[in-house]
Amino acid sequence: MKEIRFYGVGGQGVVVAAKTFSVAVSIYENGYATTIPAYGHERRGAPVYADIVADNKPILKNCFLYELDGMMIMDDTLISKHISIEKFKNEDTFLVLNTNSCSIAEEYKNTYHFRNVYYVNATAGAIKHIGKPIPNSAMLGALAATGIVKIESIEQAIRETFGAKAGDCNAKAAREAYAQTTKI
Amino acid sequence: MTYKMMDGNLAAVEAMKMAKVQVVSAYPITPQSNIAEKLSDLVASGELKAEYIRVESEHSALSVATTAQLAGVRAATATASNGLALMHEVLGMTSGNRVPIVMPVVNRGVAAPWTLWCEHGDAMAERDMGWMQFYCENVQEVFDLILMAYKAAEDKDVLTPAMVCLDGFFLSHSMQKIVVPKQELVDNFIGGYKSQNTYLDTEDPMFICDLTGSEEYTEMKYQQKVAMDNAIGVIEQVQREFEERFGRKYSIVEGYRTEDADVVLVALGSMCGTGKHVVNKLREKGKKVGLAKVTVFRPFPAEKIREILSGTRCIGVFDRSAGIGGQGGPVWSEVCAAMKDISCDIRNYTGGLGGRDVSPDNIEKIFDELLEISQGKRKNHTAWIDLKENAMDIRQVIKNV
């Protein structure tokens with residue numbers, strides 16, 4: 001069982017990313033994924049998060065998550081917004097970070113003591129492929145680079161979520177981010 | 001088998017659509033809103049051939065649904081929280097006139113304090129209004145229990161409406177993987193709708209809901225009581241038939257690893273999933289704990305409760321509603337009454353109010369307390385299991401004191 005949280009700010013498509021990831025796992029990998037709603041803070045620009053539990057067998061738990069196997073952070077300024085991510089991680093928790101800067105990725109790794117940090121400039125990829133700074137699809141590609149889900153499943157789930165036309169460019173953003181993700 | 005990803009609200013809509021409801025009158029309220037919205041979309045697109053009647057309140061929503069169903073169709077509505085409270089008067093009209101409506105209730109606390117979030121206080125406040133109440137553990141159960149509720153409610157020996165209760169946000173907004181059967185299978189299971197006993201037909205006029213004197217009122221209430229008594233057997237039969245047709249097994253009360261358990265926690269709703277998870281974890285540590293999941297709360301399955309709990313000397317009951325002024329929560333009271341002739345220690349736990357998480361840690365804490373009590377190492381239990389230490393300081397206004 002893997003417990004994962006997507007952090008971002010309202011407008012980055014955090015909730016859509018969680019749903020898309022759960023479709024990728026549940027429908028395209030014959031696994032099970034449950035999204036746990038983080039309700040009440042859907043405001044553009046404000047910090048938001050979405051939780052997902054993924055497993056290869058039916059999931060019993062239906063509650064908030066307290067110890068995460070992985071985190072995805074779609075906005076690298078989160079570190080300055082007093083979001084306490086430390087209490088939800090253990091020494092093995094991995095991080096997938098959207099940043100254009102290697103030094104910011106290093107800062108996250110050292111400040112929060114992540115064993116593995118995967119980073120990519122997902123916003124740039126989103127602008128290039130979909131013409132908008134909405135990094136969610138690209139970040140799902142980066143998440144696939146951790147090995148937790150196959151990039152092909154992510155691409156299929158994106159096409160299902162976004163429909164034919166938007167699905168194609170979002171899937172391209174995911175595929176490119178998957179290839180460009182750096183692990184430190 | 002076809003799997004789909006759905007949240008609890010969409011699963012409820014899917015089930016009502018497949019039951020071919022022909023009149024919809026729903027008033028949106030968080031966290032039920034997308035049931036009302038999605039039904040509206042389906043009617044607008046023609047996918048659901050129904051009349052969507054816009055109403056100005058939940059009181060009207062259930063009034064319209066009840067009278068529409070009397071005219072001979074399945075009618076749909078759904079609500080939550082204060083919306084259910086506003087329906088209170090009409091709930092009695094529906095059940096007393098023996099109209100077997102099936103209504104999803106998305107559980108949310110009733111104000112005040114204002115809350116949007118999950119607890120069972122809204123449905124528990126209506127537990128004596130003559131409606132059956134089913135509680136769902138997960139999104140698959142939302143879909144399945146709605147289908148079973150139609151079949152049980154419309155049975156000639158029952159003719160009693162049913163609430164299918166799903167936890168606000170924990171189920172209504174949680175995407176989960178579910179099996180959606182083919183329409184043909186659903187048609188064969190629940191069939192078409194036909195009004196029985198009471199109906200509105202211009203060719204055959206009938207006076208319904210007239211003033212009833214004391215010479216008949218008691219007997220009509222007794223008929224409702226007998227219908228509820230009948231419902232236990234009918235629901236069990238419907239569950240067996242559901243399993244034969246759809247392959248998923250249900251019980252009015254599910255005993256989960258209770259056979260050899262030293263202590264058992266009784267619970268209902270989405271917390272049962274987390275409860276089972278904790279049971280498995282503690283079993284690995286050698287602690288003999290079990291969970292009894294109450295799927296049907298009205299009619300209360302007392303005999304089944306006795307069957308599952310009779311070998312257990314120490315029992316906890318988790319109420320996700322405050323039961324203010326009672327000796328304990330409503331589920332605890334019912335369990336105590338069911339077990340009154342059996343020697344056992346039944347402890348009341350209250351928690352998970354207004355969206356507070358029923359966490360694995362808190363459930364584990366309950367099991368540990370119950371184990372200590374059963375071993376004679378402890379006398380008292382923590383009745384308000386997730387209460388903060390500074391409870392009495394919260395929002396205390398010191399001005400003018």
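B:Val279 has its place in helix H9 of chain B, where helices (H or I, at least four residues) and strands (E, at least two) are DSSP runs numbered from the N terminus. The model is a predicted one, in which local features need pLDDT of at least 70, side-chain atom pairs count only at pLDDT 80 or more, and totals for chains, interfaces and linings use all residues. Residues are numbered from 1 along each chain as its sequence is written, while chains are lettered from A and ligands numbered from 1 in the order in which they are written.

Is B:Val279 buried or exposed? Because it has 26 C-beta neighbours inside 10 Å, B:Val279 counts as buried; a residue is buried if 20 or more other C-beta atoms, placed from the backbone, lie within 10 Å of its own, exposed if 12 or fewer, and partly exposed in between. Leaving aside residues up to four places away in sequence, B:Val279 touches B:Tyr256, B:Arg257, B:Val289, B:Gly290 and B:Leu291, a contact being two residues whose C-beta atoms, placed from the backbone, lie within 7 Å. B:Arg257 is 22 residues from B:Val279 in sequence, and their C-alpha atoms are 7.9 Å apart in space.

Elsewhere in chain B, helix H3 (residues 58–70) has 13 residues and reaches 18 Å from its first C-alpha to its last, close to the 18 Å expected at 1.5 Å a residue, the expected span being 1.5 Å times one less than the number of residues. Its buried residues, among them B:Leu62 and B:Val64, pack against the following elements of chain B.

| Element of chain B | Packs against |
|---|---|
| Strand S2 (23–24) | buried residues of H3(B) |
| Strand S4 (75–76) | buried residues of H3(B) |
| Helix H4 (81–96) | buried residues of H3(B) |

After H3(B) comes B:Gly72, whose phi is positive, near 110 degrees.

In chain A, helix H5 (residues 151–162) and helix H6 (residues 164–180) pack at an angle of about 155 degrees, with their axes 8 Å apart. H5(A) and H6(A) are therefore roughly antiparallel to each other, a term for angles over 145 degrees, whereas those under 35 count as roughly parallel, 65 to 115 as roughly perpendicular and the rest as oblique.

Technical notes
Axes fitted to C-alpha atoms, helices over the stretch in contact; angles between N-to-C directions.
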